[in-house]
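Please keep the sequence and the structure in view while reading.

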Amino acid sequence: MSLSLRFHTAKLFLCLCLTLFQHHVTFSASNPTGLTLRAVLDDSPNSPLYLIENMTIAERIERFIQVTNAKDNYLNLNARVGPDNSNSLSRVVMARDGLFYSVWLLIGSQGQEVKLLMDTGGGLTWTQCQPCLNCFPQNLPIYDSTASTTYFTLSCDHPLCQVEGGVYTCVDDLCIYVHNYHGGLYTTGVASLETFYFPKDPSTALTFNNLVFGCSRDSRNVVFQDTELSGIFGMNMMPDSLMSQLSSYTNSRFSYCLVPFPDLIPHTLVLRFGDDIPLFPPERVKTTMFVHAPYLYNYYVNLVTISFLNDRLGFPPSQFQLREDGLGGCFVDSGYLLTAIEDNYVGGVNAYDVLMDLFTAYYESNNLRRTTDPSGLDMCFERPNDFNNFANLTFHFDGEADYFVPPQHLHIFQQDHFCVAITRGRYATVLGAWQQQNKRMLYDVGLGRLQFADENCAND
């Protein structure tokens with residue numbers, strides 16, 4: 001099947017699923033196109049994954065880099081499995097320890113409290129369910145589907161269960177999903193419908209009925225067991241993601257502003273939807289369009305080139321383009337901590353090596369000596385007390401959308417050394433969370449565009 005035909009087939013399937021979802025989902029609130037959720041960083045005190053009191057800065061960075069590598073491995077699996085492949089990995093959710101934010105909500109007629117990892121790269125939202133075949137230990141009570149009067153299973157004639165080679169299949173008149181994760185993470189359960197409540201304040205909540213979600217009955221090798229987390233909050237462009245299901249109520253728009261990592265302890269992240277997203281100051285907003293990628297539902301954008309210290313690099317036009325095999329390209333993902341630059345040769349040029357050579361030449365010309373860091377980052381230097389002339393980068397996206405990364409968000413600073421906060425992207429280039437600090441990021445899926453602007457995120 002040609003790439004063009006596959007794209008139009010995927011687009012038709014997406015439109016069909018969205019139409020059916022929006023027909024069945026109902027909503028109760030005074031403001032039907034606005035929604036604000038509180039999300040917390042998993043190393044902040046409000047998070048169930050908070051471990052900072054037991055971890056040094058270096059250990060935290062090392063942990064985050066392991067997270068980035070896990071997501072990079074996932075990308076390879078997701079890019080290489082097509083829609084006609086019967087392998088259950090054809091729709092794979094990102095590694096669950098690779099996400100830094102959790103979302104709190106209530107589900108079911110009994111108002112069961114759940115906390116889910118927010119995943120801008122994941123599709124199906126799922127949580128552990130009773131009765132459970134093999135559930136991992138969690139600190140909050142496990143949601144009991146049999147106790148909810150608003151719970152229903154998804155019928156086998158639903159479009160999600162009709163796609164061959166997908167993650168859904170009909171077994172004994174139940175629509176069953178299976179998600180396999182790189183490294184052995186695994187969850188399976190019953191595709192279901194339920195009512196979700198998003199608290200606005202202690203006395204009111206926004207209510208969404210008949211949302212498709214995963215009722216997981218068997219989950220194994222889960223890295224966030226023994227915490228309050230019970231599953232995934234999916235926000236990519238898959239038809240089963242909450243972003244897609246709630247699109248008619250949010251105008252297919254969501255936004256966040258990442259507080260700088262050194263300031264994360266007193267702040268929480270606000271995940272905004274629709275009309276609750278603040279207006280951009282026109283003089284500061286930058287806009288670039290999403291790149292349509294058949295069967296890849298991440299937020300791809302067209303990266304034209306990169307500037308180092310304001311000098312525009314002469315990468316060939318194809319350097320950061322998405323290729324026919326699904327590899328390459330550039331996408332934006334808050335689940336990656338550090339930006340990854342693809343290190344494959346494209347047109348005889350390795351972009352990662354080019355950038356690292358420039359960093360090396362620049363800092364060695366300033367008489368700085370290379371050193372190592374427990375995090376495993378490639379490019380680290382000793383830091384003299386009187387040195388402050390650090391490099392910067394600019395990502396030039398299509399539409400003259402220049403994305404400036406200042407020195408403080410391009411490096412990780414330790415007491416006596418610093419490292420360049422960029423990793424190897426084995427399969428694609430990814431704009432990660434470290435380089436999104438103090439940026440208002442707006443994903444406008446309806447208009448097919450990403451907007452961003454500099455902002456003091458502590459005031460969000």
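## A helix across a sheet

Helix H5 (residues 351-365) lies across S23, S24, S27 and S28 and runs at about 5° to S24. Helices (H or I, at least four residues) and strands (E, at least two) are DSSP runs, numbered from the N terminus. Axes are lines fitted to C-alpha atoms, for helices over the stretch in contact, and angles run from 0 to 180 degrees between N-to-C directions; contact means heavy atoms within 4.5 Å.

The model is predicted: local features need pLDDT of at least 70, side-chain atom pairs count only at pLDDT 80 or more, and totals for chains, interfaces and linings use all residues. Residues are numbered from 1 along each chain as its sequence is written, and side-chain values use heavy atoms, with hydrogens and water left out.

The four strands form an open, antiparallel sheet in the order S23-S24-S28-S27. Strand S23 (370-371) and strand S27 (411-413) stand at the edges with a single partner strand each, so one side of each has no neighbour in the sheet. Two strands pair if DSSP finds at least two bridges between them. S23 and S24 run antiparallel and are joined by two bridges. Arg370 stands opposite Phe381 in S24.

## Helix H5 and its ends

H5 has 15 residues and reaches 21 Å from its first C-alpha to its last, close to the 21 Å expected at 1.5 Å a residue. The expected span is 1.5 Å times one less than the number of residues. Which residues of H5 are buried? They are Ala351, Tyr352, Leu355, Met356, Phe359, Thr360, Tyr362 and Tyr363. Buried means under 20% relative accessible area, exposed over 50%, and partly exposed in between (1.4 Å probe, protein chains only). An α-helix has 3.6 residues a turn, so residues three or four places apart point the same way.

At the N-terminal end, Asn350 caps H5, with a side-chain oxygen 3.1 Å from the backbone nitrogen of Tyr352. Just after H5, Asn367 takes a positive phi of about 65°.

## Gln319 and Val349

Gln319 is found in the loop between strand S18 (311-312) and strand S19 (330-332). With a relative accessible area of 1%, Gln319 is buried. Val349 lies in strand S22 (residues 349-350) and is partly exposed, at a relative accessible area of 24%.

Val349 and Gln319 are 30 residues apart in sequence, and their C-alpha atoms are 7.7 Å apart in space. A polar atom of the Gln319 side chain lies 3.2 Å from the backbone oxygen of Val349. A polar contact is a pair of N or O atoms within 3.5 Å; within protein, one must be able to donate a hydrogen and the other to accept it, and residues adjacent in sequence count only if both atoms are side-chain atoms. Leaving aside residues up to four places away in sequence, Gln319 touches Glu342, Asn344, Val346, Val349 and Ala351.

## Disulfides

A disulfide is a covalent bond between the sulfur atoms of two cysteines. Here a disulfide is a pair of cysteine sulfur atoms within 2.5 Å. How many disulfides does a search of the whole structure find? The search finds six. With bonded cysteines counted along the chain, the pattern is 1-8, 2-3, 4-6, 5-7, 9-12, 10-11.

Cys380 lies in strand S24 (residues 380-382) and Cys419 in strand S28 (residues 417-420), so the pair ties together parts that are 39 residues apart in sequence. With 105° about the S-S bond, this link is right-handed. Cys380 is buried at 0% relative accessible area, and Cys419 is buried at 1%.

Another disulfide joins Cys129 to Cys215, with an S to S distance of 2.1 Å. Cys129 lies in strand S5 (residues 126-130) and Cys215 in strand S11 (residues 204-220), so the pair ties together parts that are 86 residues apart in sequence. The link of Cys129 and Cys215 is left-handed, with -130° about the S-S bond.
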